[in-house]
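These are my notes from a first pass through one structure.

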Amino acid sequence: MAYQVNPHVQRLARHLPFATNSGELYEESIDPGEGRPAIPTMALGYVRRLVDSSDTSLIVLTGDAGHGKTHLCRRVVQESYGYDGAAALALIKADAEGSVRINPNAGRSPLRPLRILRDLSEIEPASRGADRMAELLADRGSVAIVCANEGRLRDAISQGGHPELEIVLETLERSISEGTTSIRPDVHVINLNWQSVTAPTNSFVAHLLRDWVADRRRWAACKTCDAASRCPIAANQAALGGADPRDVLPRRRRDALEQILRTLEQSGYVLTIRETLMFIAYVTTGMMDCVAVAREDGRSGLRHWGHRDFVWALYERQLSAIEKRQLPVLERIRRLDPGIYALPSIDEALVRVLDREDVQQETSRSETPPRTVRDARNFAERYRVRVRRRRRLDFFDGAASERYTSDPVRDAGERALRIGLRHYAEFVAVFADRTDTKDIRNRLLDGLHVLQGLRPAPGLHFNIADPAFARAEGRAPIIARRFQRSAVRLVPLEACWSDSELPKAVDWTPRRVAIQFGDEATRLELDLLQFELVARAAGGVVARRFYAAESRRILARLAAIAGTARSDTTGIQVMDGDRLRLIEIDNDVFVVGDP
């Protein structure tokens with residue numbers, strides 16, 4: 001046999017941002033007929049329905065770069081207007097400002113002409129971009145799609161001097177606060193920052209792993225390669241894709257990889273489709289391609305590369321500052337490293353495995369027992385590295401715990417414990433129908449008391465301290481607002497939105513819970529990390545340095561809620577230990593009593 005070049009592997013390498021030939025990352029430079037899978041998304045179906053509606057005049061696709069705005073436009077032209085992929089992409093590239101009308105191809109339904117403003121950021125100055133948007137909105141004979149990130153959209157409209165475009169900003173604000181996509185039938189704003197790549201009903205990550213990794217047809221060329229048995233890329237494909245569709249282990253590993261990304265999304269990280277493509281390509285190839293594999297095998301052999309699997313790429317490979325900047329999801333993942341979290345029931349099984357390995361290798365080991373303190377430290381460090389790697393491998397395999405099942409909810413809870421999330425099961429329980437969240441609500445309210453420096457004494461009320469006196473250790477903080485616990489509700493954020501279209505417009509993953517205080521407008525939103533912080537605080541554990549940013553956000557939001565208080569009392573309410581006191585001034589004398 002000879003070395004083979006697998007076109008699929010070379011295509012994966014072109015998705016890496018670190019390579020000079022990373023052309024597959026940008027819609028304008030790809031070949032629509034190759035490489036990237038045509039995965040249907042909720043946003044595509046939603047935009048196609050809007051284009052088909054006679055009421056629609058303007059569709060604004062907003063969100064961070066990389067969400068696939070240009071890809072959506074190309075797919076609409078291709079699937080609704082009847083052009084092939086190459087022709088659709090050529091039409092979009094040839095007219096960046098939406099000057100030309102795209103008419104339905106022959107034999108298509110009588111759709112109105114389509115105009116596409118490909119990227120508002122490319123139009124200078126920003127006011128001219130607003131002029132173009134106003135023109136597109138006024139053209140009732142066509143339907144227009146405008147692609148813009150949020151900052152540029154706000155700048156253009158604020159500088160443009162077109163009052164008719166204020167409806168776009170108002171819809172954008174409503175999309176952030178209420179999940180609204182339209183408040184007028186002719187204008188729609190779809191905020192793709194809410195788009196999830198791990199949505200339970202249509203996971204882009206799951207589709208991508210099946211198409212790129214598990215589809216054995218893409219890897220047929222590797223079977224005849226001389227380096228097949230030693231190639232780390234082939235080893236990753238076998239570990240994540242498997243040779244038999246009935247094999248449970250590769251599917252379990254893919255599920256674990258998907259859960260890591262879902263956890264990041266639920267923790268507030270916006271993972272774009274472009275970064276997802278880069279990440280899956282990186283995990284599969286480990287920064288190599290077929291040419292590099294052949295070169296390394298011919299130079300020094302690949303046998304010493306056996307440990308460079310997808311786990312090494314995720315957690316152990318040294319990342320440069322440029323790589324962290326170009327693929328920031330990697331650094332986020334390493335904050336949830338299963339190798340650094342110890343669970344006695346897991347570690348005991350893993351240590352037994354390591355001990356058996358040591359016994360089996362005892363006869364061939366050239367290493368002498370440690371004799372000095374330095375030797376002992378070096379031995380302990382090597383053993384610690386081995387334990388951490390075993391924890392990471394077992395996170396994906398679940399062999400040591402023997403607790404992973406075919407129940408995805410239970411498995412997700414088990415994995416979350418392995419990455420330091422003790423209250424993940426409670427977080428997802430809020431999103432489940434017919435789940436009693438009373439105990440979870442009370443735990444969160446107690447945790448919020450602790451974060452404010454109040455004693456979480458059992459009672460019927462929840463108190464918000466005056467922001468100037470919150471966390472006043474050893475003092476009697478002033479209470480700015482008080483709520484009956486029975487009036488506080490714990491619900492998914494989307495349950496606070498009335499008539500919201502956003503969960504139907506994009507692939508949706510529940511990411512935040514909301515604590516509602518009395519009315520729907522007064523609420524505290526918590527993502528997964530903030531939920532974890534508050535729930536742990538209720539048990540007396542507050543890692544203030546690790547959760548410093550989340551703690552500041554929570555206290556700032558509580559201060560805003562406290563600022564809306566309308567006090568009916570004439571005195572000052574003070575928390576004295578676990579008891580509320582009312583201080584009033586009567587004839588220049590302080591009077592302390594019960595409220």
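Entry 1: I began on the open side of helix α12, where Gly298 and Arg299 are exposed. For me, exposed means over 50% relative accessible area, buried means under 20%, and partly exposed lies in between, with a 1.4 Å probe and protein chains only. Helices (H or I, at least four residues) and strands (E, at least two) are DSSP runs, numbered from the N terminus. The model is predicted, so I kept to its limits: local features need pLDDT of at least 70, side-chain atom pairs count only at pLDDT 80 or more, and totals for chains, interfaces and linings use all residues. Residues are numbered from 1 along each chain as its sequence is written, and side-chain values use heavy atoms, with hydrogens and water left out.

Helix α12 covers residues 290–299, and its buried residues are Cys290, Ala292, Val293, Glu296 and Asp297. Why do the buried residues of α12 line one face of the helix? Seen down the axis, they fall within an arc of 160°, so they line one face. The arc is taken from the directions from the helix axis to the C-beta atoms. An α-helix has 3.6 residues a turn, so residues three or four places apart point the same way. I then looked up what the buried residues of α12 pack against, and found α1 (7–13) and α9 (232–240). Contact here means heavy atoms within 4.5 Å.

**Entry 2: the cavity.** I searched the whole structure and found 1 cavity of 30 Å³ or more. A cavity is a set of points, on a 1 Å grid over the protein atoms alone, where a 1.4 Å probe fits but cannot get out; lining residues have an atom within 4 Å of a point. Grid points are joined across faces, edges and corners, and the volume is the space filled by probe spheres set on the points. The largest cavity comes to about 110 Å³. It is lined by 15 residues, and the closest to its centre are Gln4, Cys225, Cys231, Cys290 and Val293. Helix α12 supplies the largest share, 3 residues.

**Entry 3: the cores.** I looked up the largest nonpolar core, which has 90 residues. Such a core is a set of buried Ala, Val, Leu, Ile, Met, Phe, Trp, Tyr and Cys residues joined through side-chain atoms within 4.5 Å. Phe279, Phe396, Leu448 and Ile515 have the most contacts inside it. Helix α11 (residues 273–285) gives the largest share of this core, 8 residues. Leaving out neighbours within four places in sequence, I found Phe279 in contact with Leu257, Leu261, Leu314, Leu327, Val329, Leu330 and Ile333. A second, separate core of 35 residues includes Ala43, Val51, Ile59 and Val76.

**Entry 4: a covered helix.** Helix α8 (residues 204–214) is mostly covered, with 8 of its 11 residues buried. Among them are Phe204, Leu208 and Trp212. The cover over the buried residues includes α1, α9, α10 (248–266) and α11.

**Entry 5: loops.** I looked at four places in loops.

- Asp64 sits in the loop between β1 (58–62) and α3 (69–79). I count Asp64 as partly exposed because its relative accessibility is 36%. Apart from residues up to four places away in sequence, Asp64 touches Lys69, Asn193, Val270 and Thr272. Asp64 and Asn193 are 129 residues apart in sequence, yet 6.5 Å apart in space, C-alpha to C-alpha.
- Pro125 lies in the loop between β2 (114–117) and α5 (126–138). The peptide bond from Glu124 to Pro125 is cis, with omega near -10°.
- Met287 is in the loop between α11 and α12. Its phi is positive, about 75°, although Met287 is not a glycine. At 27% relative accessible area, Met287 is partly exposed.
- Leu421 belongs to the loop between α18 (408–418) and α19 (424–429). Is Leu421 buried or exposed? It is buried, with a relative accessible area of 3%. Beyond neighbours within four places in sequence, its contacts are Thr263, Ala416, Leu528, Leu529 and Glu532.

**Entry 6: the whole chain.** Last, I noted 23 helices and 12 strands in the protein chain. Of its 595 residues, 51% count as buried.

Key: On a 1 Å grid over the protein atoms alone, a cavity is a set of points where a 1.4 Å probe fits but cannot get out, and a pocket is an open set with protein on both sides within 12 Å along at least five of seven lines; lining residues have an atom within 4 Å of a point.
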